[in-house]
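Let's take a walk through this fold together, one piece at a time. Keep the 3D view open and turn it as you read.

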Amino acid sequence: MHYFGYKKGGLYAEEVPVGKLTEAYGTPLFIYSYRTLRRHFLAYDKAFGKIPHIICYALKANPNSAIIRTFASHGGGADIVSGGELYRALKAGVDPRKIVYAGVGKTVEEIRFALSKGILMFNMESDQELIEINRVASLMKKKAPVALRVNPDIDPKTHPYISTGMKEHKFGVPIEDALDFYMQAKKLKNLEIVGIHAHIGSQITEVTPFVDALNSIILLIKGLGENGINVRYLDIGGGLGIRYVSEEPPMPSDLASELIPILRDMSVTVIIEPGRSLVGNAGIFVTKVIYTKNGEGKEFIIVDGAMNDLIRPTLYGAFHNIIPVRKNRRKKILADIVGPICESGDFLGKARNLPRPERGELLAVMSSGAYGFSMSSNYNSRPRAAEVLVNGERHYLIKKRENLNDLIRGESIPGFL
Ligand code: LLP
């Protein structure tokens, strides 16, 4: 559920006409709905309310400070994968004791940074990392709180690029080796084993893979207990899908009602790391038609937004609904919606049925709140879009549009040139 919809033929973000926002902030533009963000967060919080839990928002989905703050102010933590994300989380006011840190390539500097801030736990992904965290912690005369990211070898039945919990993936350690890893970690003086972690993939639209993964983790936890290793935190990762078109993903309450009966007797605090399901449908990407053009057997709608702003269609063949900001009764055409970038792969939508737009009209690319801006780039020297947060009738610029100067910031021309 989200707060974007038509009123009197025009698309609104909550109580504000999208056209008014583009007048104020220009295009292309990311627009987020505060009420949708809040609703999504509270849906998780309520669903898992019966058991001790922390919702650690996966920053990678959308790391804008205002978005992080939205969740932090409702009691949310953060799932981070870099020193940069740690910096953002802290700046936005996330309690370090609610920060979990995953990622296969944590550097010494990043480990030191996280230890100095007192994060909740490191989700370790290899034996070398385990030794490195212990070494850095010992230099700092600290004990590092750690969990092991295990790979339960469950097929989440999602796009191969965003599936992470199978044997062939670089993430985590195979669940059958986990006990050995824990025994090794137990021997290291500057590690404190506090948890266990698994994340099996993203845009998962069924509950079963989560249940299967949880069941094999619970078996492991029991085995650990028999070896004198007790975990306090069970981090089940993120990955719940959203509706882009006609998917029927489980709601947080569906997930919770399957998982809570399994978790109830476990005396652990459950950590959930949702990204997409919190922010995906809380954002749209609005772009302006520059030209239309007749191609071979189809038409092209050329817009001012492109793959550098929203790479999901290009990278994953992802489908995002594209709708006119102002409804009209013009005849529909079959068209590819493409950006100005010099790549054939630069498209936002292919073979779409849309009323023929006129130059200057606006199109909204739906479900763009997750992995949209966060995966954007300056390719073709295009300044990044602005981001706006709407709350009721109010709207706030939460990221300024980049300007031409931003494009060359930090560059220098050597004197010999
Ligand atoms: N936790 C870990 C350890 C993760 O790696 C991820 C996502 C999440 C949580 C959050 O997953 P979510 O709830 O958002 O599914 N760029 C891709 C998605 C990559 C997901 C990477 N990891 C896309 O645009 O579909």
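In helix α8, the buried residues are P209, F210, V211, A213, L214, I217, I218, L220, I221 and L224. Bear in mind that this is a predicted model. What lies over those buried residues? The cover includes β9 (144–151), α7 (178–187), β11 (191–197), β12 (233–235) and α9 (252–263).

Just after α8 comes G228, with a positive phi of about 75°.

In soluble globular proteins, nonpolar side chains tend to be buried together. Here the largest nonpolar core has 98 residues, and F122 and I196 have the most contacts inside it. Helix α8 gives this core its largest share, 9 residues. The core also draws at least three residues from each of two domains: domain 1 (4–32 + 280–407) and domain 2 (102–272). Apart from it lies another core, of 19 residues, with V18, L21, V325 and A364 among them.

Next, look for strand β14, residues 283–294. How does β14 pair with β4 (residues 29–33)? The two run in the antiparallel sense, joined over 4 bridges, and L29 stands opposite V286 of β14. V286 turns up again in the pairing with β19, where its bridge partner is A364. That strand, residues 362–365, is also antiparallel to β14, over 4 bridges.

Strand β15 (residues 299–303) pairs with β14 too, in the antiparallel sense over 5 bridges. Within that pairing, Y291 has I302 as its bridge partner. β14 and β15 make a hairpin with 4 residues between them, and in the turn G297 has a positive phi of about 75°.

One last stop is helix α3, residues 65–72. At its start, a side-chain oxygen of N64 comes to within 2.8 Å of the backbone nitrogen of A66. Which residues of α3 are buried? They are I67, I68, T70, F71 and A72. These buried residues pack against β4, α2 (34–47), β5 (53–58), α4 (83–91), α10 (276–279) and β21 (394–399).

Technical notes: Residues numbered from 1 in each chain as written. Predicted model: local features only at pLDDT ≥ 70, side-chain atom pairs only at ≥ 80, totals over all residues. Heavy atoms only, no water. Buried < 20%, exposed > 50% of the residue type's maximum accessible area, 1.4 Å probe, protein only. Contact = heavy atoms within 4.5 Å. Core = buried A, V, L, I, M, F, W, Y, C linked by side-chain atoms within 4.5 Å. Domains from an automatic or database assignment. Pairing = 2+ DSSP bridges. Polar contact = N/O pair within 3.5 Å; in protein donor to acceptor, adjacent residues only side chain to side chain.
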